[in-house]
Amino acid sequence: MHETLIPYLKGIGRGKEGARPMTREEARDAWQLLLQDPHDDMAVGAFLLAMRVKGETREEMAGFLDATHADLRLPDLADDGRFVVVIPSYNGARKLPLLTPLLAWLLAREGLQVLMHGHPTEDGRVTVPQVLEPLRALLPARSDDPVWLDTATLSPGLARILDARRRMGLRNSAHSLVKLVNPLHNTPQQARSLVIGSYTHPEYAVSMADTIALMQGNALLLRGTEGEVVADARRLRQLDGYVRGEPVRLADAQAGSLTELPQIPETTEPVATARYIADVLAGKRPVPGPIARQVEAVQALAAQVGA
């Protein structure tokens, strides 16, 4: 086991009640060790399991993000002056069609630069690259189309930590972390960007919001669709914005019973999903109300960040 990890494991590995939380600096150092050592699976597994039992503090999550942002290998991206929206995609579709690309293209059509990044974390789910392939064949290519960044290229170490889920059978700190990663963090464009983050369980809404506040980040936070950051096409969920860490309520959750369901595909099959998205973008089908409201919320938030 990596000897320099041992002091951290001694602190966090004493169970939920006895564990000592790390400072932001300690968390950054420990996560950096995990990102940079590709061989010590024992250390990775021990650290991730200890963190899952203990739970992350906002200082620890901020430290993990500090290390991750420093590790990113960002490709050359043209800065054309547009505001940038970052869309993480790490869950994919299990029961519902994957409409994350629809959100990305709708935002791009509103004059925003859109960066998507992701990595498959569960077998058997449809991923964004699977939908993008048939979708790009249906749409005319434009210079301002959303850009896909593969996490294995951005940070091989982070992709390796995400892959530990398959070996261990449990999600780990990286699965929440990636929902807040901004590839532009160490660039001049950071001030003109925001991240769309999502959560599944209510406790993560609190911890992610606390982390955003501590890091003074710009973000839109919502309960996503099967873990994806796109709004649920069937019902509007609460939308919370953050401008340099300060909270901004953008939309309340839709109350009452649903009176009408959107006409979305009944399958997760990539080609059918791509055809549906292309039809919506061509005006042949309506944009699902909650996704249209999410686009409006992002625009409003971008205006506040840029003010």
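Is Gln 216 buried or exposed, and what is its relative accessibility? Let's build up to that residue from the whole protein. This is a predicted model, in which local features need pLDDT of at least 70 and side-chain atom pairs count only at pLDDT 80 or more, while totals for chains, interfaces and linings use all residues. Residues are numbered from 1 along each chain as its sequence is written, and side-chain values use heavy atoms, leaving out hydrogens and water.

Start with the fold. The protein has 13 helices and 7 strands, where helices (H or I, at least four residues) and strands (E, at least two) are DSSP runs numbered from the N terminus. Its radius of gyration, taken over C-alpha atoms, is 19 Å, close to the 19 Å that the globule rule (2.2 Å times the number of residues to the power 0.38) gives for 307 residues, so the protein is as compact as a globular protein of that length. Along its principal axes, the C-alpha trace spans about 60 × 45 × 40 Å.

Now look inside. Of the 307 residues, 54% count as buried, meaning under 20% relative accessible area, with exposed over 50% and partly exposed in between (1.4 Å probe, protein chains only).

Finally, visit two loops. Most residues other than glycine have a negative phi. Gln 216, in the loop between α11 (202–214) and β5 (219–223), has a positive phi near 55 degrees. At 58% relative accessibility, Gln 216 counts as exposed. Arg 244 sits in the loop between β6 (239–243) and β7 (246–251). Its phi is also positive, near 50 degrees, and Arg 244 is partly exposed, with a relative accessible area of 43%.
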